[in-house]
Structures are given as C-alpha cells and as structure tokens.
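Work through the exercises below with the model open beside you. Try each task before reading its solution.

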Amino acid sequence: MAVYTSAYKGRASRAVSYVGILLNFLLLVLSGAVVGFGIWMIVHGAVTVMSTVLPSNDFWDYMAYGLVTVGCVQLVASILAIAAFFRESRPALLVYAFFAILVFIGASIFIGLPFWYKEEVRRDLYLNMEESLSAYQGEGHSDHDSVFWNYVQTNYRCCGVDGEQDYRFTAWSYKVTTSSLYIPTLGNVTRRYPASCCRYYHLNAPSLKTLQGGDWVINPVRLADCYRYNPNPHTDHSFDEGCYLHVKGFLLTNMTLMGCLAIALELITVLLFFMAIFVFAANARREN
C-alpha cells in the first residue's frame with residue numbers, strides 16, 4: 001500500500017509540475033510584455049505629453065518603474081519556476097516560493113493604484129484640461145500645453161475640452177499673430193479654433209517629434225474648407241466634439257485593464273505558490 005501511495009503521489013507531483021511549467025511559460029511571456037510596456041512608458045514622449053493634464057502626474061513615473069520592477073521579478077521567478085518544476089527540486093521550489101511572495105506583494109499594490117487613480121481622474125481631469133487649454137500658444141509652439149492639445153486633437157478627432165467654442169475664451173484667440181491666418185480663397189481669417197481641430201490634419205497628422213520640436217507648419221491651402229464658415233465650425237471638415245470624454249475614457253479603460261491584469265497575475269501566482277508547496281511536500285515524502 002505504501003508503495004502504491006508513493007507511486008500515486010509521484011504521478012500527481014509530475015502532473016502538477018507539468019501544469020506549473022505551462023503556467024510559468026505563459027507568465028514568462030506576459031512579464032516580458034509588462035517590462036516592455038514599462039520601458040515604453042519611460043522613454044516614449046506620448047506619456048510625457050499626456051502627463052500635462054493628468055492628475056498626480058508623478059503617478060505615471062512611479063507606475064512605469066513599478067511595472068519594470070515587478071515584470072523583472074516575475075521574469076526571474078518564471079525562469080526559476082520552470083527549472084524547479086521540471087527537476088522537481090525542493091531547494092529551487094523554496095526559492096521560487098519566496099519570489100512568488102514578492103510578486104504577490106507587487107501585484108497587490110498594482111491592484112489598488114489603478115482604482116485609486118480612476119477617482120483622481122474623475123475629480124481633477126476636467127479642471128486640469130481647462131487650465132492647460134488656457135495656456136495654449138498655437139500650432140508651431142513646443143510648450144507642453146500646445147503639444148498636448150495639438151497631439152490629442154489630431155489623434156482623437158476632437159477639439160477643446162467640451163468643443164471648439166472653448167477656444168474663444170483663451171489667450172490664443174486674441175493674439176492676431178497666432179489666430180489670424182491668410183487663406184488664398186478666403187483672405188485673412190481670424191480663426192476661432194486651431195488647425196489641429198481640422199479633419200485634414202487627422203488624416204495628415206504631424207508626428208509627435210515634429211510637435212515637440214515646434215516644427216509643425218500648417219498649410220493654409222488645405223484649410224479652406226475647415227474655416228469656410230468661420231467663426232462657426234464647418235463640421236464636415238472640423239471637429240466639434242470635446243476631448244474631455246476621449247481622454248477620460250482612455251485613462252479609465254487603461255486603469256481598469258491594468259487592475260484586472262494585476263488581479264489575474266495575483267491569482268495565478270497564488271495558484272503556482274500552492275502548486276510549488278504541493279510538489280515540495282510530495283517529493284519530501286518520496287525521499288523519506
């Protein structure tokens with residue numbers, strides 16, 4: 001009977017080890033993607049641009065470095081776990097259990113942060129966008145506020161916070177040098193919204209590098225339809241929907257996704273932890 005029980009536990013241990021190897025391979029791929037995304041957040045200018053209006057803009061820096069840290073720990077843990085489950089090595093399983101606890105703690109932090117930040121977005125984003133819009137300088141300027149609005153409006157097909165009418169209350173609309181534009185078929189036009197609100201520049205959007213360098217030069221000939229009914233918008237050729245809902249939806253969706261991924265990572269980590277303990281205990285009995 002003892003021999004039969006030992007053989008049964010040996011087969012069960014081997015089956016659990018195979019499942020553990022498979023799950024850790026999936027986590028290995030996922031953790032690599034997490035590290036890559038964290039590095040992208042650190043080096044990519046789009047995150048810096050978005051931080052212009054984000055509540056607690058340091059949050060994104062902490063989040064980026066946190067993703068890289070947790071992802072690297074999970075990478076090491078997954079590689080170690082694959083080797084430990086494959087060899088059914090008790091010392092390696094113990095070390096993996098320690099790494100699993102670290103990943104669990106890191107994932108727990110990432111569960112809370114996104115849902116906390118969603119409340120920050122709901123409370124502060126609107127006012128931050130209004131404040132940023134009031135500092136808008138124009139299409140060829142490289143300050144953070146101008147780059148943010150030109151980038152968001154051309155990429156999200158929107159204009160202003162609630163609509164193009166918001167520009168009527170900004171300093172930009174009263175500066176002749178920035179708001180006035182000569183269009184061959186229309187003459188001198190005192191614009192009520194910038195060229196980034198025109199549909200033409202959604203299809204021919206300037207790159208982020210161009211915006212940040214202050215090198216965006218608009219083509220008046222291409223904007224005749226957009227400003228044909230100036231000061232009123234020509235909705236067939238310009239955007240009349242505000243950017244607030246677009247930016248808010250983007251942030252809330254990504255925060256929810258990040259929180260759900262952290263929950264999934266934590267559940268898988270807990271499962272693998274107990275699987276490692278099971279294999280550790282099963283091999284202890286077999287050795288005895």
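The exercises cover disulfides, then aromatic rings.

This is a predicted model, in which local features need pLDDT of at least 70, side-chain atom pairs count only at pLDDT 80 or more, and totals for chains, interfaces and linings use all residues. Residues are numbered from 1 along each chain as its sequence is written, and side-chain values use heavy atoms, with hydrogens and water left out.

**Exercise 1.** Find the disulfides of the structure and give their pattern along the chain.

Solution. Start with the criterion: a disulfide is a pair of cysteine sulfur atoms within 2.5 Å. Searching the whole structure gives 3 disulfides. Count the bonded cysteines along the chain, and the pattern reads 1-6, 2-3, 4-5.

**Exercise 2.** Describe the link between C158 and C243: what is its handedness, and which parts does it tie together?

Solution. Take the distance: the sulfur atoms of C158 and C243 are 2.0 Å apart. Next, the torsion about the S-S bond is about 100 degrees, so this disulfide is right-handed. Now place the ends. C158 lies in the loop between α5 (144-156) and α6 (176-179), and C243 in the loop between α8 and α9, so the pair ties together parts 85 residues apart in sequence. Helices (H or I, at least four residues) and strands (E, at least two) are DSSP runs, numbered from the N terminus. Finally, check accessibility. Buried means under 20% relative accessible area, exposed over 50%, and partly exposed in between (1.4 Å probe, protein chains only). C158 is buried at 0%. C243 is buried, also with a relative accessible area of 0%.

**Exercise 3.** Treat C159–C197 and C198–C226 in turn: is each disulfide right-handed or left-handed?

Solution. Begin with C159 and C197, whose sulfur atoms are 2.0 Å apart. The S-S torsion is 85 degrees, and the link is right-handed. C159 sits in the loop between α5 and α6, C197 in the loop between β2 (187-190) and α7, 38 residues apart. C159 has 0% relative accessible area and is buried. C197 is buried at 0% as well.

Turn to C198 and C226, with sulfur atoms 2.0 Å apart. Here the torsion is about -85 degrees, so the disulfide is left-handed. C198 belongs to the loop between β2 and α7 and C226 to the loop between α8 and α9, so parts 28 residues apart in sequence are tied together. Both C198 and C226 are buried.

**Exercise 4.** How many aromatic pairs are there, and what is the geometry of Y201 with W216?

Solution. A pair of aromatic rings is described by the distance of the centres and the angle of the planes. Rings of Phe, Tyr and Trp (its six-membered ring) pair if their centres lie within 6.5 Å; planes under 30 degrees apart count as stacked, over 60 as edge-to-face and the rest as tilted. For Y201 and W216, the centres are 5.1 Å apart and the planes at 85 degrees, so the pair is edge-to-face. Y201 lies in helix α7 (residues 200-203) and W216 in the loop between α8 (208-212) and α9 (244-287), so the pair ties together parts 15 residues apart in sequence. Y201 and W216 are buried.

**Exercise 5.** Classify the F273–F274 pair, and state whether each residue is buried, partly exposed or exposed.

Solution. The ring centres of F273 and F274 are 5.6 Å apart and the planes at 80 degrees, so the pair is edge-to-face. F273 is partly exposed at 23%. F274 is exposed at 54%.
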